[in-house]
Structure formats: structure tokens, C-alpha cells
Amino acid sequence: PSMKVNLETPIKLNESLGGHIVQGHIDTSGLVISNECIGENLILEISLEKKWLKYCIEKGSIAIDGISLTIANLNESYSNSFGAITVSIIPHTFKNTNLQFKKQNDSVNIETDFFGKYIERLLPVKGD
């Protein structure tokens, strides 16, 4: 009950899209590895299972706790079973979301790239 969450009204079909497509679905969860302020930005590094990294690309989109963000860096060899992504949180996003409260080892919800999942589903399976 005391947990802070992010809520945003959905876009209407007649409005222009000003960001990434986020469905509000949770694919997996990740753990905050580090949070560091550099200049005015908060740099978050988050670990997630390697099987989800195929939907993550540098400069690609990802949603963390429902917030549409851009992946700044991708580390595919963080550990044996986990990779890591880094995102840079600008001051406006920091002030207006729950990311300002995230600490090391906090869990976050992850929604990977919308398009990557659909493209993968439509491609033929290797060996077919």
C-alpha cells in the first residue's frame, strides 16, 4: 500500500506519439545494480536474465516500472546468467517518477521492446 507507482494516461488514437510504444505489460523483473548521479542525470544500471537481452539494444527502448526509457549501454556478460542495461534518467523524469527512490538491490518491472517480441514471433523457427 505504501509503494510509489507510476501512472500515465494512455495515448488516444488521434494524438501524435511523442515517445516509445509501451503496453504496460511486465515481461520480467530486474534488480538495480547501481544508481549514480552524474551531472544532472541519474544513471541506473539494472540486471536482468540473459534470455531477455535479445530484446534489448543500445539506443533502443525499454520500460522500467512503466517508464519509457532509452538503453544507453548493454552489458551482455554481467554474470553467467544475467546481463545488464544502463539507462540515463533526465531531471524531469527523475522528479516525476518513482525512479528517484530506487536504491541498489531494489526490484523493478521490465517491459522489453514491443517490436522485437512481435518480429521474433513472426519469423520462422530455425530448422523449419
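Two strands count as paired if DSSP finds at least two bridges between them. The structure described here is a predicted model.

**Strand pairing**

Strands β1 (residues 28-38) and β2 are paired in the antiparallel sense through seven bridges. They form a hairpin with two residues between the strands, where G39 takes a positive phi near 65 degrees. β2 also runs antiparallel to β5, and eight bridges join these two strands. One bridge from each pairing is listed below.

| Residue | Bridge partner | Strand of the partner |
|---|---|---|
| N35 | L44 | β2 |
| L48 | G83 | β5 |

**Nonpolar core**

The largest nonpolar core has 21 residues, and the members that touch the most others are C56, I62, I64, L69, I85 and V87. Two or more residues of this core come from each of β2 (41-49), β3 (61-64), β4 (67-75), β5 (82-89) and β6 (107-111). In soluble globular proteins, nonpolar side chains tend to be buried together.

V87 shows the contacts of one such member. Leaving aside residues up to four places away in sequence, V87 touches L42, I43 and L44, as well as I62 and I64.

**Nonpolar surface**

I11, L17, I21, F115, I119 and L123 make a nonpolar surface patch of about 580 Å². Is L123 buried or exposed? L123 counts as exposed because its relative accessibility is 52%, and the cut-off for exposed is over 50%.

Methods: Residues numbered from 1 in each chain as written. Predicted model: local features only at pLDDT ≥ 70, side-chain atom pairs only at ≥ 80, totals over all residues. Heavy atoms only, no water. Core = buried A, V, L, I, M, F, W, Y, C linked by side-chain atoms within 4.5 Å. Buried < 20%, exposed > 50% of the residue type's maximum accessible area, 1.4 Å probe, protein only. Helix = DSSP H or I, 4+ residues; strand = E, 2+ residues; numbered from the N terminus. Contact = heavy atoms within 4.5 Å. Patch = residues over 30% accessible without salt bridge, like charges linked within 9 Å, V, L, I, M, F, W, Y side chains within 5 Å. Areas by Shrake-Rupley, 256 points an atom, 1.4 Å probe, with all protein chains shown as cover. Salt bridge = Lys/Arg side-chain N within 4 Å of Asp/Glu carboxyl O.
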